[in-house]
Amino acid sequence: MKMSHRFFISTGTLTILIAFLSAAFVPVTGQAQTSGAATWTPPKATYSPPRTPWGDPDLQGVWDYQSRIPMQRPAQFKDKPTLTEAELAALAKTPPNQDSCGVGTRKDVACTPEQLADIGAYNEFWNNRNFLADNRTSLIVDPPDGRFPPMMPEAQKRQAEIQKTIGTFDRQRYDSWEDFPTVTRCITEHTPNGPQGYNSGTLITQSPGWIVMFRERLDTRIIPLDKRPHIDDHIRQWNGDSRGWFEGNTLVVETTNFTDKQIIGGGAGSTIPTGIPFGNIRLIERWVPVSAKRMNYYATITDAKTWTKPWTFMLPWERDNTYQLFEYACHEANIGILNSLRGERLLEQKAAEAAAKGALSSDQTSDGLIGATEAAIRSKLGEPKAVDYNGSRWTYETADGVFVLYLFFAEGKVKIATPNDLPLNAVKRR
């Protein structure tokens, strides 16, 4: 029976795939949810922002929050909460979309024919990078180890079922338009705000009793500041029901009533491991001004049906009033879903034709790479075209340049190969 799911935090785009993979796939033992993190508060800031005419802290302007820091602390930084300046500089040397002939327009660059054909996805030239200064090894600040807390046993079971249905990361089965993330369907983006590689601007405006956040990618949040009661628990919304207030200079927003049909994660750039279903989430967000150009954004997520305890991440926001908001993806001429469904039917046809001829065995396709070590992959496929996200994703291409093979590593072994049915003899050797 076909299952259809909608996504909560699932950008399906660039940003940071992050080293969450161990959290998404390593079984853990659940226990009763503990208290403490639900009332977690950020460090006090000494900066005092200007006031609006009616006396509230003035947060108005355009803010950006690009980050190359992973949500969860990678295993190699287990006891290292921060990077040195040299380590941070080394991490910044490779742009997310670096290709073999540079990141520019190539107008005056001498490229070989092979390099000219080796463009890949978005060339870095087209991206407006503004990674904020941050030398932490994880965005998660609580638990202190920078790791997601263990998941409850029932949540693990739900996650496993969802993962079977939605596929993995960049490749999933599309039976209908309902199988696409809500952002792809132009319904909603993600709350809370995770790091984004583009469309990461947010315009904040204020009026007495209200604050409005115009998010470049799709959404506008209109938040009352009078602590009014939340709507009836039976009424559910894609981005939940938000209520805000100021605690000194800090803007605090509590959000409940997220629809229980949403699923956290599932796309490249997702800020949470793939396919985690909601239990009954409660989100507390805090915007803490720390200077005239910087706010620290904290999000505390509590869901006793999913995690054994709450957890909090911090993402810096930087004021940039030269930033021009432009949401380019959602418009009437966007035919991506139509073409994806058409492509799915074509893939089904090809699979049927391959089955009629005799399908390749697992060890002849990318599916057989699951569990292989880095050394084994290099021996079988040669050097990857690119290694990024702290070494957790290796990229290969096919000889004809039509497809890309992504291998996602956790604890030194391949956990995901996408697509998982690519013939290995089609992979381009480097």
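A nonpolar core is a set of buried Ala, Val, Leu, Ile, Met, Phe, Trp, Tyr and Cys residues joined through side-chain atoms within 4.5 Å. I kept that in mind as I opened this predicted model.

**Entry 1: the cores**

I looked up the largest nonpolar core and found 32 residues in it. Ile204, Leu251, Trp287, Trp311, Phe313 and Trp317 have the most contacts inside this core. I then checked which elements give two or more residues to it: strands S5 (210-215), S8 (250-256), S11 (282-289), S12 (294-302) and S13 (311-319). A second, separate core has 14 residues, including Trp394 and Leu424.

Leaving aside neighbours within four places in sequence, its contacts include Trp63, Tyr65, Leu132, Ile204, Trp287 and Tyr297.

**Entry 2: a sheet**

Next I traced an open sheet of four strands, in the order S14-S15-S16-S17, with antiparallel pairing. Its edge strands are S14 (386-388) and S17 (413-418), each pairing on one side only. On average, neighbouring strands here are turned by 25 degrees against each other, direction ignored. I counted five bridges between S15 (393-397) and S16 (404-410). Trp394 stands opposite Leu407 in S16.

**Entry 3: the disulfide**

How many disulfides does the structure hold? I found one. A disulfide is a covalent bond between the sulfur atoms of two cysteines. Here Cys186 and Cys330 are the partners, with sulfur atoms 2.0 Å apart. They lie 144 residues apart, so the pair links distant parts of the chain.

Conventions. Residues are numbered from 1 along each chain as its sequence is written. This is a predicted model: local features need pLDDT of at least 70, side-chain atom pairs count only at pLDDT 80 or more; totals for chains, interfaces and linings use all residues. Side-chain values use heavy atoms; hydrogens and water are left out. Buried means under 20% relative accessible area, exposed over 50%, partly exposed in between (1.4 Å probe, protein chains only). Contact means heavy atoms within 4.5 Å. Two strands pair if DSSP finds at least two bridges between them. Axes are lines fitted to C-alpha atoms, for helices over the stretch in contact, and angles run from 0 to 180 degrees between N-to-C directions. A disulfide is a pair of cysteine sulfur atoms within 2.5 Å.
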